[in-house]
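Here are my notes for you on this model. Keep the 3D view open while you read, and click on the residues as they come up.

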Amino acid sequence: MLRSWILLLTLFLPTFHSAIAHAATSEKILSQVQAQAKVYAGESDDDTEQLLKQLNATPEQKQRMQEIRAQYQDKISQRRQQLRLAQEQLQALLSSNASPSQIRQKYDELLQLKQEMSKLQFEIILQIREVLTPEQRRQFAEIMEQRRRNRPR
């Protein structure tokens, strides 16, 4: 019996590790898109203010960014709440006697919600991008790449 469990664990752990690694990668990509959307949307924090100064954003550009952010604010807030709930439910399923199919179904739901959130944030990026001049877009890309390289891994 113990041998069977050890064999099952030996077979299952690499698969589980792979799923966790995939979720972590998805989470990293999602956080990068969220960071860009936050910056583009002009959410006020010191980092964003510094970036807008580096880009020499005009008051009109800042205003337009706020308008775009407001347009998506309810959808993003709702999606964040759904994501939190799905994550909590997945955790509960993992620690319960739920079947693998129930857990997979909840995991797929969580991935779908993350993808929807990412798409919303990408739409913000596309709209805000239109507010920036070509030079500001180039500068922004350089700044974001530099931040990405300097981020601890």
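The points below go from the overall fold to single pairs of side chains.

1. Ground rules. This is a predicted model, where local features need pLDDT of at least 70 and side-chain atom pairs count only at pLDDT 80 or more, while totals for chains, interfaces and linings use all residues. Residues are numbered from 1 along each chain as its sequence is written, and side-chain values use heavy atoms, with hydrogens and water left out.

2. The overall fold. You'll find five helices and zero strands here, so the run from the N terminus is α-α-α-α-α (helices are DSSP runs of H or I with at least four residues, strands are runs of E with at least two, and numbering starts at the N terminus). Of the contacts with a separation of 6 or more, 78% are between residues 24 or more positions apart; contact means heavy atoms within 4.5 Å.

3. Of the 153 residues, 26% count as buried. Buried means under 20% relative accessible area, exposed means over 50%, and partly exposed is in between, with a 1.4 Å probe and protein chains only.

4. The largest core. Which residues touch the most other members of the largest nonpolar core? They are Met-65, Ile-68, Tyr-72, Ile-76 and Ile-124, out of 19 residues. Helix H3 (59-94) and helix H4 (100-129) each supply at least two residues of this core. A second, separate core has five residues, including Leu-51, Leu-55, Phe-140 and Met-144. A nonpolar core is a set of buried Ala, Val, Leu, Ile, Met, Phe, Trp, Tyr and Cys residues joined through side-chain atoms within 4.5 Å.

5. A look at Tyr-72. Skip its neighbours within four places in sequence, and Tyr-72 is in contact with Leu-120, Glu-123, Ile-124 and Gln-127.

6. Helix H4. Its 30 residues should span 44 Å at 1.5 Å a residue, and the end C-alpha atoms are 43 Å apart, which agrees. The expected span is 1.5 Å times one less than the number of residues. Among the buried residues of H4 are Leu-113, Met-117 and Ile-124, but also Lys-106 and Lys-114.

7. Gln-89. This residue sits in helix H3 and counts as partly exposed because its relative accessibility is 30%. Not counting residues up to four places away in sequence, Gln-89 touches Lys-106 and Glu-109. The side chains of Gln-89 and Lys-106 make a polar contact at 2.5 Å (a pair of N or O atoms within 3.5 Å; within protein, one must be able to donate a hydrogen and the other to accept it, and residues adjacent in sequence count only if both atoms are side-chain atoms).

8. Salt bridges. How many are there in the whole structure? The search finds nine, each a side-chain nitrogen of Lys or Arg within 4 Å of a carboxyl oxygen of Asp or Glu. Arg-64 pairs with Glu-67, with the closest N and O atoms 3.3 Å apart; they are three residues apart in helix H3, so about one helical turn separates them.

9. A bridge between helices. Arg-79 and Glu-116 also meet in a salt bridge (3.3 Å, N to O). This pair links distant parts of the chain, with Arg-79 in helix H3 and Glu-116 in helix H4, 37 residues apart. Arg-79 counts as buried at 17% relative accessibility, whereas Glu-116 is partly exposed at 26%.

10. Arg-129 and Glu-130 form a salt bridge (3.5 Å, N to O). Through shared partners, salt bridges join Arg-129, Glu-130 and Arg-137 into one network.
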